[in-house]
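Colleague: I've just opened this one and I'm new to it. Can you walk me through it?

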Amino acid sequence: MDQRVSMITLPVRDVPAARAFYERLGWTVTVTDGDIVMFQAGGLIVSLWWSDKLDVDGGVAGRGGYGCAALAYAVRDAESVDSVVASAVSVGASITRDPGPKPFGYSGVFADLDGHTWEVAWVRGWDLHEDGTVALPVQPG
C-alpha cells in the first residue's frame with residue numbers, strides 16, 4: 001500500500017445542510033449524485049455522506065459507527081489562521097479552541113455542523129504549495 005490518502009469521507013446527519021455549509025466556506029462541489037457530495041481538495045477528495053448509510057456500507061453500524069478524525073487546514077501565516085476561523089464562524093461553524101500560539105506555530109480549531117473539527121494552522125517549516133499541498137521538512141535519521 002502506497003503512503004497516501006485518496007479520499008476522506010465525513011459522516012453527516014444532513015447531506016444538503018453539510019453541503020451548503022462547505023459551499024458557504026467557499027468550496028465548490030466537484031461531483032454529486034444527490035446522495036453523496038464530493039469536493040476536490042488539493043490532491044485528495046473530501047466527501048460528505050449520510051452517517052447511517054456510511055456506517056452500514058462500512059460494516060460498522062453494529063459496532064458504534066465510524067470513529068472520529070481530526071482534520072487540519074494549513075495556511076501561510078498566523079494572520080491567516082484568524083481570518084479563516086472567523087470566516088468559518090460567519091457561515092455557521094463553532095470555535096472549539098480559540099486561535100493562539102502553539103509550540104509549532106499558531107492555530108485555532110472550529111467545528112462544522114456535524115462536529116467535525118478543523119484545525120487551521122500555520123506551522124513553522126512547512127512548505128505550503130500553490131495547489132494547497134504541504135511538504136514536510138525532511139529530518140535526518
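**Confidence first**

Modeller: Let's start with confidence. Among the elements of the chain, α1 has the highest mean pLDDT, 98. Strand β10 (residues 134-135) has the lowest, 85. This is a predicted model.

Colleague: What does the chain average in pLDDT?

Modeller: The average is 92. Of the residues, 99% score at least 70.

Colleague: On to the sheets. What is the strand order in the one with β1?

Modeller: The order is β1-β4-β3-β2. That is an open sheet of four strands, and the pairing is mixed.

Colleague: Which strands are at the edges?

Modeller: β1 (7-12) and β2 (31-32) are the edge strands. Each pairs on one side only.

Colleague: And what packs on that sheet?

Modeller: Helix α1, residues 15-24, does. The helix touches β1, β2, β3 and β4 (44-50). Its direction makes about 145° with that of β4.

Colleague: Back to β2. Do β2 and β3 pair parallel or antiparallel?

Modeller: β2 and β3 (residues 37-41) are antiparallel, over two bridges. In one of the pairs, T32 has V37 in β3 as its bridge partner.

Colleague: What holds paired strands together, in general?

Modeller: Backbone hydrogen bonds, in either a parallel or an antiparallel arrangement.

Colleague: Now the sheet with β5. What's its order?

Modeller: β5-β8-β7-β6. This is also an open sheet of four strands with mixed pairing. The edge strands here are β5 and β6 (94-102), each pairing on one side only. The twist averages 20° from one strand to the next.

Colleague: How many bridges join β5 to β8?

Modeller: Four, and the two strands run parallel. A72 has E119 in β8 as its bridge partner.

Colleague: And how do β7 and β8 pair?

Modeller: β7 (residues 105-111) and β8 are antiparallel, with seven bridges. F110 stands opposite W118 in β8. The hairpin of β7 and β8 has five residues between the strands.

Colleague: Which residue in that hairpin takes a positive phi?

Modeller: G115, with phi near 85°.

Colleague: Which strands does α3 lie across?

Modeller: β5, β6, β7 and β8. α3 runs at about 5° to β7.

Colleague: How do the lining residues of the largest pocket divide by class?

Modeller: There are 25 nonpolar, ten polar and five charged residues.

Colleague: And what is the volume of the second largest pocket?

Modeller: About 350 Å³. The second largest pocket is lined by 18 residues. P11, G67, C68, A69 and H116 lie nearest its centre.

Colleague: Which element gives the most to that lining?

Modeller: β1, with four residues. Both β1 and α2 (51-57) supply at least two.

Colleague: And the classes in the second largest pocket's lining, how many of each?

Modeller: Seven nonpolar, eight polar and three charged.

Key. Residues are numbered from 1 along each chain as its sequence is written. This is a predicted model: local features need pLDDT of at least 70, side-chain atom pairs count only at pLDDT 80 or more; totals for chains, interfaces and linings use all residues. Side-chain values use heavy atoms; hydrogens and water are left out. Two strands pair if DSSP finds at least two bridges between them. Contact means heavy atoms within 4.5 Å. Axes are lines fitted to C-alpha atoms, for helices over the stretch in contact, and angles run from 0 to 180 degrees between N-to-C directions. Ala, Val, Leu, Ile, Met, Phe, Trp, Tyr, Cys and Pro count as nonpolar, Asp, Glu, Lys and Arg as charged, and the others, Gly among them, as polar. On a 1 Å grid over the protein atoms alone, a cavity is a set of points where a 1.4 Å probe fits but cannot get out, and a pocket is an open set with protein on both sides within 12 Å along at least five of seven lines; lining residues have an atom within 4 Å of a point. Grid points are joined across faces, edges and corners, and a volume is the space filled by probe spheres set on the points. pLDDT is the predictor's confidence in each residue, from 0 to 100.
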